[in-house]
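Q: I am new to this structure, and I would like to learn how its features are read. Could you take me through them slowly?

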Amino acid sequence: MKIGLVLSGGGARGIAHLGVIKALNEMGIGFDQIAGTSAGAVTGALLAQGYSPEESLKIIESSPFLRRLRPAWSRMGLLRLDTIVDIYRKYIPHDSFEELQIPLHVVAVELNDGEQVVFNKGELIRPVLASCCLPGIFEPFLINRKQYVDGGVLNNLPVDVIENKVDVLIGSHCNVLGPRKPITSMRGVIERSLVLAVQSKTKERFARCNVLIEPPQLAQYTTADIGKARELFRIGYQHTRSMAAQIEKSLKVPPVEIS
């Protein structure tokens, strides 16, 4: 049985994907195909490269991603992502989809054509970063003279990309809606509005997953809560463990006792 893993975008909340994956691995579940958008593309790339969830968490915590971001100095965004390509090459030096241990499919949006683009061959790191280019925050990412922005604009849970390549789909969705404290800043208004817009396009994809993992506690975190990486990892892990019986029944996976 071939199992596909679909990872949503959600900024820092995407770290919860790593906890989800750790719990699934403990249940004896591996993956034959991975599809990811934005934060899901980043975590998916680390997993497909062969890093464990714990190793991936340490990479995210120790790497100077935020310190290496630079102002865009343009009217198209506040920051540039192309300045951190070399950081990713430290961890994925071959920079190639074909060299990954698990096939990976990364979703971005070509801004001028307004169409979803799936990257799954050739150069790896720049497409992953293009998938993370949140409009208004990051300058569109240039690849072959085309401008790309965050894949979540059109497809934040790209089940369609791999559903014909696998027998079952597991979706990990971290862009969770739920009650929040009153919003008191312009940044909060923008972020909440984007989450609402993306969520409305994502709901119909939920039913196409054999298993959907969506920790409700993530609603209390923002896309910028990178400093709470350990909490986010723990939330993803614990919620998935709480679903063990349901997951094993859905996938018909024999229970694995954890010592």
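A: Leaving aside neighbours within four places in sequence, threonine 37 is in contact (heavy atoms within 4.5 Å) with Leu7, Ser8, Gly9, Val107, Ser131, Asp150, Gly151, Gly152, Asn155, Asn156 and Pro158. This is a predicted model, in which local features need pLDDT of at least 70 and side-chain atom pairs count only at pLDDT 80 or more, while totals for chains, interfaces and linings use all residues. Residues are numbered from 1 along each chain as its sequence is written, and side-chain values use heavy atoms, with hydrogens and water left out.

Q: Is threonine 37 buried or exposed?

A: Buried means under 20% relative accessible area, exposed over 50%, and partly exposed in between, with a 1.4 Å probe and protein chains only. Threonine 37 has 0% relative accessibility and therefore counts as buried.

Q: Where is the place of threonine 37?

A: Strands (E, at least two residues) and helices (H or I, at least four) are DSSP runs, numbered from the N terminus. Threonine 37 belongs to strand 2, residues 33–37, and its C-alpha atom is separated by 5.4 Å from that of serine 8, 29 residues apart along the chain.

Q: Which residues of helix 8 are buried?

A: In helix 8, which covers residues 229–242, the buried residues are Ala229, Leu232, Phe233, Ile235, Gly236, His239 and Thr240. Seen down the helix axis, they fall within an arc of 160 degrees (taken from the directions from the axis to the C-beta atoms), so they line one face of helix 8. Their cover includes helix 1 (16–26), helix 3 (53–62), strand 10 (211–213) and helix 9 (244–251).

Definitions and conventions. The expected span of a helix is 1.5 Å times one less than its number of residues.
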